[in-house]
Amino acid sequence: MEKLIEGIVEFRERMLPQYAQRFKDLALAQMPDALFITCSDSRVVPDLLASTHPGDLFTMRNVGNLVPPATAEGVSTGDLSEASAIEYSVLVLKVANIVVCGHSECGAMKAVIANEAGDDTPNLARWLHHAHTASFRLEHEGALDDGLNLHDQLSQLNVLVQLEHLMSYPIVRKRVLAGMLHLSGWWFDIASGNMSAYERGSRRFEIIDRSLAHRLIARLAAAR
Ligand SMILES: [Zn+2]
């Protein structure tokens, strides 16, 4: 906590002057570019990794970057927090993009594989059910990248499954099909610091370097 408290003062004294105008402009409204769904893991820091600033990302974090699927009526089959973030960002803030971002060495994915969330963690055990489709797929269809260890293989498939869960929400599906909303699957490798994007053509997560970034941006522009 000392570090956290000192950090607040450090921000106040050193950084706030640079951000003061931005905060003033944002005080009464936000227009974020994307809903960014990622894991609660302390090593995944979206604003650092994407060089984004206050107001840029509407972020929803939870254990395992999971999105409980919706019923046909669009009501979450899990808790209501994720669905509320989706509704608010899509309908009120009108974001044009949703990114689901998984990461390497994810404790949630390790727990799914080890099946270790049990009696003393009843909430976690139930929550991780939303990753079980990914687990089933890994077992029956195999990994996207055999070179990764098992929990990272699961983590990558989990990103794709959560994108499918997003599509189970009528408000998302309708806008995606109309070209108003784009879904992306990203994956962060902690050891190398590389962020990758899922590419349907190669069925792999590819590092977002300058070359892939050009292709991704061109594709988004063409879809507009
Ligand atoms: Zn994680």
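The largest nonpolar core of this predicted model holds 41 residues, of which Leu35, Ile37, Ile86, Ile98 and Leu166 touch the most other members. A nonpolar core is here a set of buried Ala, Val, Leu, Ile, Met, Phe, Trp, Tyr and Cys residues joined through side-chain atoms within 4.5 Å. Buried means under 20% relative accessible area, exposed means over 50%, and partly exposed lies in between (1.4 Å probe, protein chains only). Two or more core residues come from each of β1 (34-39), β2 (57-62), α3 (80-92), β3 (97-103), α4 (107-114), α6 and α7. Helix α7 gives the most to this core, with 7 residues. Helices (H or I, at least four residues) and strands (E, at least two) are DSSP runs, numbered from the N terminus. Leucine 35 touches Phe58, Met60, Ala85, Ile86, Ser89, Val95, Asn97, Ile98 and Val99, with residues up to four places away in sequence not counted. Contact means heavy atoms within 4.5 Å. Another core, of 8 residues, lies apart from the largest one. Phe36, Val44, Cys101 and Met195 are among its members.

Residues are numbered from 1 along each chain as its sequence is written. Local features need pLDDT of at least 70, side-chain atom pairs count only at pLDDT 80 or more, totals for chains, interfaces and linings use all residues, and side-chain values use heavy atoms, with hydrogens and water left out.

The zinc ion has three named protein donors: Cys39 through SG, His103 through NE2 and Cys106 through SG. These atoms lie 2.0 to 2.2 Å from the zinc ion. Donors are N, O and S atoms within 2.8 Å of the metal (3.2 Å for Na, K and Ca); water is not among the atoms, so sites may look incomplete. Along the chain, the zinc donors follow the spacing C-x63-H-x2-C. Cysteine 39 sits in strand β1 and cysteine 106 in the loop between β3 and α4. The two cysteines are 67 residues apart, and the pair links distant parts of the chain. Both cysteine 39 and cysteine 106 are buried.

Salt bridges were searched for across the whole structure, and 8 were found. A salt bridge is a side-chain nitrogen of Lys or Arg within 4 Å of a carboxyl oxygen of Asp or Glu. Aspartate 41 and arginine 43 form one of them, at 2.7 Å from N to O. Aspartate 41 counts as buried because its relative accessibility is 13%. Arginine 43, at 38%, counts as partly exposed.

The side chains of glutamate 164 and arginine 137 also meet in a salt bridge, at 2.8 Å from N to O. This pair links distant parts of the chain, with glutamate 164 in helix α7 (residues 150-167) and arginine 137 in helix α6 (residues 132-141), 27 residues apart. Glutamate 164 has 40% relative accessibility, so this residue counts as partly exposed.

A further salt bridge joins glutamate 199 to arginine 215, at 3.5 Å from N to O. Glutamate 199 lies in strand β5 (residues 194-199) and arginine 215 in helix α9 (residues 210-223), so the bridge ties together parts that are 16 residues apart in sequence. Glutamate 199 is buried, at 6% relative accessibility. Arginine 215 is partly exposed, at 39%. Salt bridges link Glu199, Glu206, Arg215 and Arg219 in a network.

The largest pocket has a volume of about 1,400 Å³. On a 1 Å grid over the protein atoms alone, a pocket is an open set of points where a 1.4 Å probe fits, with protein on both sides within 12 Å along at least five of seven lines. Lining residues have an atom within 4 Å of a point. Grid points are joined across faces, edges and corners, and a volume is the space filled by probe spheres set on the points. The lining of the largest pocket comprises 38 residues, with Leu183, Ser184, Gly185, Trp186 and Leu216 nearest the centre. Elements giving two or more residues to this lining are β1, β3, α7, β4 (182-189), β5 and α9. The largest share, 7 residues, comes from α9.

Glutamine 162 is placed in helix α7. With 0% relative accessibility, glutamine 162 counts as buried. Leaving out residues up to four places away in sequence, glutamine 162 touches Asn65, Leu66, Val67, Val100, His130 and Ala131. Proline 54 is placed in the loop between α2 (46-49) and β2. Proline 54 counts as partly exposed, at 25% relative accessibility. Beyond its neighbours within four places in sequence, proline 54 is in contact with Tyr19, Arg22, Phe23 and Leu26. Proline 54 and phenylalanine 23 are 31 residues apart in sequence and 7.5 Å apart in space, C-alpha to C-alpha.
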